[in-house]
Amino acid sequence: GRSYCVRTQRMLNQCLESLVQKVQSGVVINFEKSGPDPAPIGEDGLVDSSRPINSFASQPWHSCHKLIYVRPNPKTGVPVGHWPIPESFWPDQNSPTLPPRTAHPVVRFSCIDCEPMVIDKLPFDKYELEPSPLTQYILERKSPHTCWQVFVSSSGKYSELGYPFGYLKASTTLTCVNLFVMPYNYPVLLPLL
């Protein structure tokens with residue numbers, strides 16, 4: 001945060017201008033690692049099995065409270081999203097109210113390399129992640145053709161972790177990391193479509 005002590009009209013204008021420049025269009029998400037760390041990648045970009053995996057030592061990239069940039073549509077100026085981030089509960093028709101939830105969704109990611117999936121004519125949402133220890137770690141792995149699936153705990157009826165609703169993937173140019181949001185349980189849905 002930051003505070004301003006405004007004494008004049010001119011100072012007020014300068015402070016407002018400063019604030020406007022800092023405003024980013026986005027949503028804050030808590031990203032948390034689920035499961036073991038990935039196998040280390042060697043200089044050649046292949047898995048290096050000679051280096052040990054220390055899955056239990058907490059690393060800065062294991063948990064990040066960061067922004068995803070929600071860019072407006074250039075034609076309309078309004079952001080467009082096709083799929084929601086799932087809720088962290090399974091709806092109960094007998095409950096008169098919805099359970100409380102956190103202001104910022106907790107999105108868990110699995111470090112198992114998967115194939116990115118998209119099919120023609122089925123929309124997906126793509127959001128760039130704010131730079132963080134997580135984006136730096138993913139980019140350093142230099143694996144733009146694999147992705148890590150994302151989940152919301154308790155979003156499925158019978159599964160504690162729930163089903164994947166998208167994935168984290170480095171851009172092909174390795175300049176940023178994107179969150180792809182797909183239909184819920186997309187690995188089952190997409191082959192059916």
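The model is predicted. Strand S7 (residues 177–181) is largely enclosed by the rest of the structure, because five of its five residues are buried. A search of the whole structure finds nine aromatic pairs.

- Strand S4 (residues 125–129) pairs with S7 in the antiparallel sense, over four bridges. Glu128 has Asn178 of S7 as its bridge partner.
- S6 and S7 also run antiparallel, joined by five bridges. Here Ala170 is bridged to Val177 of S7.
- The hairpin of S6 and S7 has six residues between the strands. Leu174 in this hairpin takes a positive phi near 60 degrees.

**Helix H2**

- H2 spans residues 133–140, and Leu134, Thr135, Ile138 and Leu139 in it are buried.
- Seen down the axis of H2, these buried residues fall within an arc of 130 degrees, so they line one face of the helix.
- An α-helix has 3.6 residues a turn, so residues three or four places apart point the same way.
- Lys142 follows H2 and has a positive phi, near 50 degrees.

**Ser155**

- Ser155 sits in the loop between strand S5 (148–151) and strand S6 (166–170).
- Ser155 counts as buried because its relative accessibility is 5%, and the cut-off is under 20%.
- A polar atom of the Ser155 side chain lies 2.7 Å from the backbone oxygen of Val152.
- The Ser155 side chain also makes a polar contact with the side chain of Tyr184, at 2.8 Å.
- Leaving aside neighbours within four places in sequence, the contacts of Ser155 include Pro86, Glu87, Ser88, Phe89 and Trp90. Leu161, Gly162 and Tyr163 are also among them.

**Aromatic pairs**

- Among the nine pairs, Trp61 and Phe109 form a tilted one, with 6.2 Å centre to centre and 35 degrees between the planes.
- Trp61 lies in the loop between strand S1 (26–34) and strand S2 (63–69), and Phe109 in strand S3 (residues 106–110), so the pair ties together parts 48 residues apart in sequence.
- Trp61 is buried, with a relative accessible area of 5%. Phe109 is buried at 0%.
- Tyr167 and Tyr186 form another tilted pair, 5.9 Å centre to centre, with 55 degrees between the planes. This pair links Tyr167 in strand S6 to Tyr186 in helix H3 (residues 186–192), 19 residues apart. Both Tyr167 and Tyr186 are buried.
- One aromatic cluster is formed by Trp61, Phe109, Tyr137 and Trp148.

Terms used. Residues numbered from 1 in each chain as written. Predicted model: local features only at pLDDT ≥ 70, side-chain atom pairs only at ≥ 80, totals over all residues. Heavy atoms only, no water. Buried < 20%, exposed > 50% of the residue type's maximum accessible area, 1.4 Å probe, protein only. Helix = DSSP H or I, 4+ residues; strand = E, 2+ residues; numbered from the N terminus. Arc of directions from axis to C-beta. Polar contact = N/O pair within 3.5 Å; in protein donor to acceptor, adjacent residues only side chain to side chain. Contact = heavy atoms within 4.5 Å. Pairing = 2+ DSSP bridges. Phe/Tyr/Trp six-rings, centres within 6.5 Å; stacked < 30°, edge-to-face > 60°.
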